[in-house]
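Reader: I'd like a close look at one part of this model, the sheet and what surrounds it. Could you walk me through how the strands are arranged?

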Amino acid sequence: MDKIRILVVDDESSILKTTIFSKLENEIQAYFAKDEEECLTALESIQVDWILMDGSLEDDVWGKDIVCRLRANRCQTPICMFSSCEDMNIEGVNAGANTSIRKKEVIPTPSKLTEHLATFS
């Protein structure tokens, strides 16, 4: 089975690596970006199946704004909002993300992420 390739855009990637992605290494190939610039650079050089976008990044940057810019630049890669705050997830979906899942659902049970993404593939 091919791994799902995910670009994780989150300023707390070290936490996510140990709590979620280390447990899913047989199913997911995760790439990490801490901000919009790293996200855009990564998308130029790697092909991913999903972008997992945090709702709030450092320096008051909002995930929904990055989603808007990605869609305005014709990025067709599916985006899943991935925030602890449901309102941020909803705003991201309204901005063009395909779906959302709350971090607190995934951290105790990482397999919920792959199950959720599979319903949209």
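Author: V9 stands opposite M53 in β3, where β1 (residues 4–9) and β3 (residues 50–53) run parallel and share four bridges. Strands here are DSSP runs of E, at least two residues, and helices are runs of H or I, at least four, numbered from the N terminus; two strands pair if DSSP finds at least two bridges between them. This is a predicted model, where local features need pLDDT of at least 70, side-chain atom pairs count only at pLDDT 80 or more, and totals for chains, interfaces and linings use all residues. Residues are numbered from 1 along each chain as its sequence is written, and side-chain values use heavy atoms, leaving out hydrogens and water.

Helix α1 (residues 13–21) packs on the sheet and touches β1, β2, β3 and β6 (79–83), contact meaning heavy atoms within 4.5 Å. The direction of α1 makes about 165° with that of β2; axes are lines fitted to C-alpha atoms, for helices over the stretch in contact, and angles run from 0 to 180 degrees between N-to-C directions.

Stepping back, the open sheet has five strands in parallel pairing, ordered β2-β1-β3-β6-β7. At its edges, β2 (28–33) and β7 (99–102) each pair on one side only. From one strand to the next, the twist averages 25°.

Towards β7, S83 stands opposite R102, and β6 and β7 pair in the parallel sense over four bridges. Between them the chain passes through helix α4 (residues 86–95) in a right-handed β-α-β crossover: with the strands pointing away from the viewer, the path from the first strand over the helix to the second runs clockwise.
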